Amino acid sequence: MILPIYLYGAEVLREAAAEADLADKERITGLVNDMKETLKSADGCGLAAPQVGVSLRVLIVDGDVVAENYDYLKGFRRTMINPVVLEESPETRDYSEGCLSVPGIYADVRRPAKIKVEYYDENFEKHVEEFDKFACRMIQHEMDHLDGNLFVDRVAPIRKKMISKRLQGIAKGKVSARYKTK
């Protein structure tokens, strides 16, 4: 089922998400399937459960959407349940980011260039994996959602000031998106 994507201003986007109960496989599997359908419908490259109104530590990323620009992401897909960053590189990279919950706004964000993450996949198997380049970026962006943070919280203060009126407009529902929103 395609779910509405919650927009900037929604309380659920500012909550620290609870750990998903791995014993509740049916609920998590249903949520992951709905999130995949929602992400595909919105033509995005990542989605966290809070963005669809569910405050659980679940995220998905799909590199195929950006493979035209980052060919190494062709076929790159991950479902992460209860992800935890084990290591971050001291080296950082700046990339322009956008977000389905903040439509029409893009800004440069500095993040670690590499991370090591422990997570459970959609089959409830545990993994420890290292990520770099844009895969690392997508995962960090979605993991921020699990902690109640948005990419606009990480932009330079002058940029934040420049986009503040647009953010207020989104929070008041004065925005249009090509996907179902709430």
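**Exercise 1.** How many bridges join strand β6 (residues 114-120) to β7?

*Solution.* The model is predicted: local features need pLDDT of at least 70, side-chain atom pairs count only at pLDDT 80 or more, and totals for chains, interfaces and linings use all residues. Residues are numbered from 1 along each chain as its sequence is written, and side-chain values use heavy atoms, without hydrogens and water. Strands are DSSP runs of E with at least two residues, and helices are runs of H or I with at least four, numbered from the N terminus. Seven bridges join β6 to β7, and the two run antiparallel. One of the pairs is K116 with E130 in β7.

**Exercise 2.** Is I60 buried or exposed, and what does I60 touch?

*Solution.* First, I60 is located in strand β2. Next, buried means under 20% relative accessible area, exposed over 50%, and partly exposed in between (1.4 Å probe, protein chains only). I60 has 3% relative accessibility and therefore counts as buried. Last, contact means heavy atoms within 4.5 Å. Leaving aside neighbours within four places in sequence, the contacts of I60 include V32, M35, L39, L47 and E142.

Note on methods
Two strands pair if DSSP finds at least two bridges between them.
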